[in-house]
Amino acid sequence: MVNYLQVFKKIGLFLLVISLVSACSNSTGIESEKSMQLDKSSHQEAELQTVDQSDAKEGTKPTTAIVRKLIKTANLEIETKKFEKTIDTLEKSVSEFNGYIESNHITGTSILEKYNEDNIDDFPSRTAQYTLRIPTNKLNAYLSKINTIGNVTSKSISTEDISNQYFDTETRIKSLKIQEERLLNLLKKSGSLSDIIELEKELSTVRYEIESLTTTIKTYDSLINYSTINLSVTEVAEITDTTPPKTVSDRITAKFKDNLKNISTGFKNTTVFIIGNSVLIIIWLIILVAGFFIARKAMKKYQDWNIPK
């Protein structure tokens, strides 16, 4: 006879074992899934930390680069022994660099005409004053070019930042244009004659301000895009040595050359004075000699009269 009680016990025991195995496998799967999630989150955190560190190393980058509005002005003085040639080369070089001459003025007397050294102050050397406009992106190249045209004795460059004025003017123009548009809309809707007159008056004022500020912007653009060079060219008999002596021997040599130059200049001046005034010198010599003999003859007569007989 079959013992049903034993069968049920075995089936219950089998089901219990299966349940325990399933629970263990589920627990293991859950733990494994949690472990994978933790690993994934840790990896993401590591990536985020890496990105943050790289951003910190690179620094914050501005989204919009600010373009500065700069006006550059250069002041130069050069000297030359060949005035006409230097002026011709200078004016041609301006065109080569796509610039233009805003103004120029030449005064003075040629070195060849200053033959009388005594009146050198009455005949100043020729000097040319130029105001040049050169594209800003070619300014440095043109300044290097000037070094080959003449001997540069003085040079200075200044930069003026007008960014605030420029952008404020632009903002003001935009605001006025919005105001102009609103006035035009009101003018279309207005029916009263007095209102129309008042709106047109206000509109005229706004448009005048827009034109004035637009002219200011154009002037700024011209000064920004084309740098100004104030250039002075002087004709000289001798080129100035602008190279400072470096050693004691160089200083001695420079001083010795200066002394020789002064002696040579003094000798030339004396020669020019004597030859240039030779007629006057001869006349004065004749007068002095004649006066000497007349005075001598008079003294002799005076002595003869006073001799006792």
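Contact, in what follows, means heavy atoms within 4.5 Å. This is a predicted model, in which local features need pLDDT of at least 70, side-chain atom pairs count only at pLDDT 80 or more, and totals for chains, interfaces and linings use all residues. Residues are numbered from 1 along each chain as its sequence is written, and side-chain values use heavy atoms, with hydrogens and water left out.

Let us start with the whole chain. The protein chain has seven helices and five strands, where helices (H or I, at least four residues) and strands (E, at least two) are DSSP runs numbered from the N terminus. Read from the N terminus on, the elements follow the order α-β-α-β-β-α-β-α-α-β-α-α. Of the 309 residues, 19% count as buried; buried means under 20% relative accessible area, exposed over 50%, and partly exposed in between, with a 1.4 Å probe and protein chains only. Among the contacts with a separation of 6 or more, 81% join residues 24 or more positions apart.

Helix α2 (residues 83–96) meets helix α3 (residues 139–149) at an angle of about 160°, and their axes are 10 Å apart. Here axes are lines fitted to C-alpha atoms, for helices over the stretch in contact, and angles run from 0 to 180 degrees between N-to-C directions. The two helices are therefore roughly antiparallel to each other, a label for angles over 145 degrees. On the α2 side, the contact is made by Thr 86, Thr 89, Leu 90, Ser 93, Val 94 and Glu 96, and on the α3 side by Tyr 142, Lys 145 and Ile 149.

Next comes the interior. A nonpolar core is a set of buried Ala, Val, Leu, Ile, Met, Phe, Trp, Tyr and Cys residues joined through side-chain atoms within 4.5 Å. The largest one has 21 residues, and those with the most contacts inside it are Leu 76, Leu 90, Leu 132, Tyr 142, Ile 229, Leu 231 and Val 233. At least two residues of this core come from each of β1 (70–80), α2, β3 (127–135), α3 and β5 (226–235). Helix α3 gives the largest share, five residues. Apart from this core lies another, of 14 residues, including Leu 199, Ile 210, Ile 217 and Ile 224. In soluble globular proteins, nonpolar side chains tend to be buried together.

Two further helices deserve a visit. Thr 169 sits in helix α4 (residues 163–189) and is buried, with a relative accessible area of 9%. Beyond its neighbours within four places in sequence, Thr 169 touches Leu 213, Ile 217 and Tyr 220. Glu 211 belongs to helix α5 (residues 193–225) and, at 54% relative accessibility, counts as exposed. The C-alpha atoms of Glu 211 and Ile 173 are separated by 8.9 Å, although the two residues are 38 apart along the chain.

Finally, look at two loops. Arg 126 is in the loop between β2 and β3, and this residue is buried, with a relative accessible area of 13%. Neighbours within four places aside, Arg 126 is in contact with several residues, among them Phe 83, Glu 84, Thr 107, Val 233 and Glu 235. Asn 98 lies in the loop between α2 and β2 (100–107). Asn 98 has a positive phi of about 60° although it is not a glycine, and at 46% relative accessibility this residue counts as partly exposed.

Conventions: Parallel < 35°, antiparallel > 145°, perpendicular 65-115°, else oblique.
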